[in-house]
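Hi,

Here is the structure I promised to pass on. Have a look at it first, then read my notes below.

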There are 2 protein chains.
Amino acid sequence: MKRSHRVGAICQILAESPHRIFNLRYFCDRFSAAKSSISEDIAAAALAVGSTGYGYIETLPGASGGVRYVPDISPEKAEEVQDELCRLLREENRILGGGFLYTSDIMYNPAIVKGMARIFAGRFKSSGADHVATIETKGIPVAFMTAQLLNIPLIVVRRETKISEGATVSINYFPGSSERLQKMSISKRAAAPGSKALIIDDFMRGGGSIKGIAEILSEVDIQVAGVGVAIVNIEPEDKKVSDYFPIVRLGNVDEMKKTVEVTANRYWE
Amino acid sequence: MKRSHRVGAICQILAESPHRIFNLRYFCDRFSAAKSSISEDIAAAALAVGSTGYGYIETLPGASGGVRYVPDISPEKAEEVQDELCRLLREENRILGGGFLYTSDIMYNPAIVKGMARIFAGRFKSSGADHVATIETKGIPVAFMTAQLLNIPLIVVRRETKISEGATVSINYFPGSSERLQKMSISKRAAAPGSKALIIDDFMRGGGSIKGIAEILSEVDIQVAGVGVAIVNIEPEDKKVSDYFPIVRLGNVDEMKKTVEVTANRYWE
């Protein structure tokens, strides 16, 4: 096998399993090559991956060491994702009655979701989170894709308890958009007590749901490692959570003029 | 930039965007290289990707042509995924009361979900599906990951209608596990009439939910292009859908002896 083939295969294998550590021996065995060759291959793979704007290859020293692919996103690529998201949100035919926007096509589109997840995975790569947590339903794809890029499991908080969840813990909370009390529940098996979760959701207005997720996580002794939301509504100014990271900010939705105000969060500036 | 760097970068770029067609010009511009060089790079990338067991690079001729990465899975890799799934399902501590199994940790684990999605994406790569459809909640990650590998959008059928879904179509159906009538709804904007959807779900017993999804899709003029389920329960023998593709088959769950019977679907044999 030629160097270029090995480098290509290493890039693909690492890209398929982000944040998973592969030791050199794995590649030596796989390609029947010497450690010195594989070291040079990995150096070339690191240059290749570094040039794409989608993260980097990290070398971990020591006996348990090896290499892993850390997904991230360059400001240029992040800007592309944000601009595309803004462009889509401004489409007038997604304005529903009551100032609501139809966003399912965005939140269920793999290319856009992967871009958003890359922004979250880059932002929270050092958060120490063991899990990504979300609440059903529309935020599940972006939360799951973030979990995949960070190589940690997902926790889905549910609206109703299900027999297949085993023993659950439930809370009542105020979503904020209405004053109607709602319920959410989490399986007691969802994560080991003492672990840390990153909360990811598709949309936040007052922050009631996010605060509810943080509360229910604390009931099962899981700490919040960070909060990421794809779209945050500028109003109300007073949110129930103070520390959150949005990808774009949604302003006024004018049903009559058919205009949507939305701006990107240029967080690297 | 050396050949090995370009080949590595091409492998990563293609792996990050499955089923997306890149024309040669894209890589020529990106790497400031001649078409003849890029053609050789792509040939090397195709060999590299072909060696991993995770699909292949396809060359499409003509003016609109180019190259794309088609995710697939070799029988050896599929067997690894299936055996891991069987091993996990046999763990005695996941047996809940009433013969139910706790499977959320499996369905929310990115590595296992990606393996299962690869099996579906390979199996249905020529189905002509424009969408992947599922019903909330537990099947969303594997359905979404399959959609990502096939580069087509997801449709999520919901249990309740939501204002943010716009106009919806609803049906009542018998889930099969109980004789209690249930409701499901789909946004009229979910997909263009005349398109085709692949139904993917985490679990199927009698097939009532899958039959319901097929019915509601037909109400909005979407045709079923195939059905994939991660786990199918062997009982009842008579299912409400006849044509489905399972990854593993679940037999008897013995609460007293703490045993779970599960076998892999060695579909390539």
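Two strands count as paired if DSSP finds at least two bridges between them; the strands (E, at least two residues) and helices (H or I, at least four) are themselves DSSP runs, numbered from the N terminus. Keep in mind that this is a predicted model, with local features needing pLDDT of at least 70 and side-chain atom pairs counting only at pLDDT 80 or more. Residues are numbered from 1 along each chain, and chains are lettered from A in the order in which they are written.

I'd start with strand E7 (residues 196-204) of chain A. Seven of its nine residues are buried (under 20% relative accessible area, 1.4 Å probe, protein chains only). E7(A) runs parallel to strand E3 (residues 131-135) of chain A, joined by three bridges, and Val132(A) sits opposite Leu198(A) there. E7(A) also pairs in parallel with strand E8 (residues 223-233) of chain A, over eight bridges; Asp201(A) has Val229(A) as its partner in E8(A).

Now for the two chains together. On each side, 57 residues are in contact (heavy atoms within 4.5 Å). About 5000 Å² is buried between chain A and chain B, 61% of that from carbon and sulfur atoms; this is accessible area (1.4 Å probe) lost on putting the two together, summed over both. There are four salt bridges between them (a Lys or Arg side-chain nitrogen within 4 Å of an Asp or Glu carboxyl oxygen). Glu16(B) and Arg118(A) form a salt bridge at 2.7 Å, N to O.

Cheers

Notes: Side-chain values use heavy atoms; hydrogens and water are left out. Buried means under 20% relative accessible area, exposed over 50%, partly exposed in between (1.4 Å probe, protein chains only).
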